[in-house]
Amino acid sequence: MTDKKVHPTAIVDPNAKLGANVEIGPFSIIGPDVTIGDNTIVQSHMVIEGEVAIGRGNFIGHGAIIGVPPQDVSFSPDRKTKVEIGDDNIIREYCTIHRGSPEGSATKIGDKNFLMASAHVGHNCVIGNDIVIANNCLLAGHVRVDDGAFLGGGSTFHQFMHIGRLVMVQGSSAFGKDLPPFVIAAERNYVFGVNVVGLRRAGFSTKDRDEIKQAFKLVYLSGLNTSQALDKAATMTFGVPAREFLDFVASSKKRGICPFKRGMSDDVSV
């Protein structure tokens, strides 16, 4: 234990597995089925229980709760479920991350994500990489968030939603339908345009950005219904990113995609 810093007031089960240079702060509780990777910092008043695997180089803030049973009335305490967290994440104060609900399932968080204070990640969510989930965001069960998304503070997301890559969500918004990749979304279930700045910062070429805009216009602004737009898109030549957008729309059958709404200035980032 010489390479670990465990505060004397912390309760760490002897069966927990702690990597090199792990720090456990005051009054934290670490359960027997917890694995914490090298160079991870766990601050004070934390609870990590159930089967939880946390990777390397993570920072977990005061009062966060990870691995507790899901808020699912159908959940049975004898189910074997877990939480899996990757490397180099920042999980700030009072975040809650619940373990999976169906037998053998997991809530999964990838690498290099930033969960700001009091964010909630419900059971069976799948969070990709390089995602920002701002303060007080609420993700219900089975929400999937793809790489590079930004979820503005105080926003809420219905169960079984899918949020595409590099989506930008305005704070204090609410969504119950899927958000295709590369869009700007706000208010209640509305898309307002393409996240042009985000695409440029992510290194998308001018050609790819233009094709994404073209695909967006085809789905949202052509006057065609979704099936007609996809049929027309199948006859057109698009690169991989625009096809990613179109394939997402085509596969979004359970919840459907959020509709388009023009801004107050009637201007749209397409």
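User: How many disulfides does the structure hold, and what makes two cysteines count as one?

Analyst: The structure holds 0 disulfides; the word is kept for a pair of cysteine sulfur atoms within 2.5 Å. Cys-258 is in no disulfide either, with the sulfur of Cys-137 as its nearest at 15 Å. Please bear in mind that this is a predicted model, where local features need pLDDT of at least 70, side-chain atom pairs count only at pLDDT 80 or more, and totals for chains, interfaces and linings use all residues. Residues are numbered from 1 along each chain as its sequence is written, and side-chain values use heavy atoms, with hydrogens and water left out.

User: Why is Cys-137 called buried, and why is Cys-258?

Analyst: Cys-137 has 0% relative accessibility, and so has Cys-258. Buried means under 20% relative accessible area, exposed over 50%, and partly exposed in between (1.4 Å probe, protein chains only), so both cysteines count as buried.

User: How do you know that strand 27 and strand 28 pair?

Analyst: Two strands pair if DSSP finds at least two bridges between them, and here there are 4, in the antiparallel sense. One of the bridges links Val-183 with Val-194 in strand 28. Strands are DSSP runs of E with at least two residues, and helices are runs of H or I with at least four, both numbered from the N terminus.

User: What makes strand 1 and strand 28 edge strands?

Analyst: They belong to an open sheet of 11 strands with mixed pairing, in the order 1-4-7-10-13-16-19-22-25-27-28. Strand 1 (5-6) and strand 28 (190-194) each have a single partner, so one side of each has no neighbour in the sheet.

User: What puts the buried residues of helix 4 on the same side?

Analyst: Those residues are Pro-241, Ala-242, Phe-245, Leu-246, Phe-248 and Val-249. Their arc, taken over the directions from the helix axis to the C-beta atoms, is only 155°, which places them on the same side of helix 4. Val-240 and Ser-251 are exposed on the other side. The cover over the buried residues includes strand 24 (162-163), strand 27, helix 2 and helix 3 (226-233), with contact meaning heavy atoms within 4.5 Å.

User: At what angle does helix 2 run to strand 28?

Analyst: Helix 2 (residues 206-220) lies across strand 27 and strand 28, at about 145° to strand 28. Axes are lines fitted to C-alpha atoms, for helices over the stretch in contact, and angles run from 0 to 180 degrees between N-to-C directions.
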